[in-house]
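Reader: I would like to go through this model by its sheets and the helices packed on them. Please keep the answers brief.

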Amino acid sequence: MSFYTQFSRHVSAPAMDLLRNTRTMARLRELEQSQWWPRERLEELQSQRLTRLIAHAYAHVPYYRRVMDERGILPQDVHTAADLRKLPVLTRELIRLNFENLLADNIPRSRLWKASTGGSTGTPLVFCTTSEDQRNRGFARGIRAMEYAGIQLGERRILIRVARHHTASRAKLLHRLSRRVERVVEIDSRNITTTSLPSIIALLREPDMRCLTGYPSAVAFIAAWISESGLTPPEVDWVVTGGEQLFEHQRQKIRDVFHVEPYSKYSCQEVFEIAMECDAHTGLHVAMEDIVLEVADGRDAPLGPGCEGRVLLTNLHNYGMPLIRYENGDSGSLIAESCPCGRALPLLSYVVGRRFDMIHTPSGRHITGSNLGTNRLAWFPVLQFQFVQEDLDRLVVRIVPRDGTSATELDDMRTRIPLLFNEVVGDDMRVEVEFHDHIELTSGGKHLLVISKVDPDSWLKRETP
Ligand SMILES: [Zn+2]
């Protein structure tokens, strides 16, 4: 451990906890212990937490009281992950329709955090969570996930992601402070251009910068640019990708250029950190202490290892708006084998999540689906959406409006949505809204969030000096 990692761990991170009134480091210590527990002990902990959550949901969340009463289920009928199949799946549409009834009546509204996500499915969502869920449990899972790769808190690193906007100045200040403590240099993925790439590479060449993290499409794009430009790749010890599925061709590009095996992390905004690859690289370990992850078939029944199906998530710590068997729209499969690293946490295969394509703008920006700021659509009557780049300077937002959307609302969307997305892609792209009654799936039955009809290879070759 370096001076900085020691300092972060024992001085600055605990100080952040005091400042923020959080218990992230205490939760982290628990998770560092439990990751080595045998499976039976982990299952026991998971069952205890699930039992508590179900009792809370029945007593305090009108939606769950109703669905359980309708099915004749009492809280004592649901103790283990296997019992969850007695409960219905919670879809994004159900959350939207039952929003108020999904909030716990014993938690003051002032303690709930309202957040929105465009997600990977093209269905926008507004949801609620709590500080305990996100800052204590979620942040701690995030730090442990990095430790799986051998990256300690305080290890200097680049993080490529879409910048979060904090409206309150205190939140902004705390975010900056926490990044300083973690020694994370955040780069807005929307600003990765052929103009900004040299400075990112220069940052990666700094002696204490050994770690590159971010969206796989962005990291693989940086790798591709380095190799196209004929530059000597910077020496890095770790590449960690998250926010999107890491595809084999991206993994290969990262290996070829940086000479390291990347680590893939799986998370979603609604549940936060879910699973992370360890140094045995056999799959992604699910943080089962905090989350029940099921893979289900079309009739909501759990599938065994090796079968690909819909990911259903039960977050064991969001008491504000319990998400039980929540379908986030991703697909994945579990792995039966145990991992040589010694962790008994279940393994998820790499093929988890959905595909994102990239938009290439005339001004030289490369924007993935996760960087588009699709949460903006959550405030409109939008059922589903898709972004199609028809030409280098033309982006079409396909929208399936909700039933009953008025002509005025349609007009409003036609006017306001292009303005909102011009802020993201730049003014040199024409953004148009098209209304559809459905969005075509791929031949594999998947929904594509972004389709770009611009050939990225020819674009890259044209721009690379
Ligand atoms: Zn492992």
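Predicted model: local features only at pLDDT ≥ 70, side-chain atom pairs only at ≥ 80, totals over all residues.

Reader: In which sense do strand S3 and strand S5 pair?

Author: Strand S3 covers residues 157–161 and strand S5 covers residues 211–214. The two are joined over 3 bridges, and the sense of their pairing is parallel.

Reader: Which strands form the edges of the open sheet of 9 strands?

Author: The order in this sheet is S4-S3-S5-S6-S7-S8-S9-S14-S13, with mixed pairing. An edge strand pairs on one side only, and here that applies to S4 (184–188) and S13 (334–335).

Reader: What angle does the direction of H9 make with that of S5?

Author: H9 packs on the sheet and touches S3, S5 and strand S6 (238–241). Its direction and that of S5 make an angle of about 135°.

Reader: And what angle does the direction of H10 make with that of S6?

Author: H10 also packs on the sheet, where it touches S5, S6, strand S7 (263–268) and strand S8 (272–277). With the direction of S6, that of H10 makes about 160°.

Reader: How many nonpolar residues does the contact of H9 with H10 have?

Author: On the H9 side, the residues include Val219, Ala220, Ala223 and Ile226, and on the H10 side they include Ile254, Val257 and Phe258. By class, the contact has 3 polar residues, 1 charged residue and, as for nonpolar residues, 9.

Reader: What is the handedness of the crossing where H9 passes H10?

Author: Where H9 passes H10, the crossing is left-handed.

Reader: Turning to the open sheet of 3 strands, which residue in S11 is the bridge partner of Ala296?

Author: The order is S10-S11-S12, with antiparallel pairing. S10 and S11 are joined by 6 bridges. In S11, the partner of Ala296 is Arg310.

Reader: Is Leu313 buried or exposed?

Author: Leu313 is found in S11 (residues 309–315). Its contacts include Cys268, Val271, Ile291, Leu323 and Tyr326. Its relative accessibility is 0%, and under 20% counts as buried, so Leu313 is buried.

Technical notes:
Residues numbered from 1 in each chain as written. Heavy atoms only, no water. Left-handed = near helix turned anticlockwise from the far one by under 90°. Helix = DSSP H or I, 4+ residues; strand = E, 2+ residues; numbered from the N terminus. Contact = heavy atoms within 4.5 Å. Nonpolar A, V, L, I, M, F, W, Y, C, P; charged D, E, K, R; others polar. Buried < 20%, exposed > 50% of the residue type's maximum accessible area, 1.4 Å probe, protein only. Pairing = 2+ DSSP bridges. Axes fitted to C-alpha atoms, helices over the stretch in contact; angles between N-to-C directions. Lists of a residue's contacts leave out its neighbours within four places in sequence.
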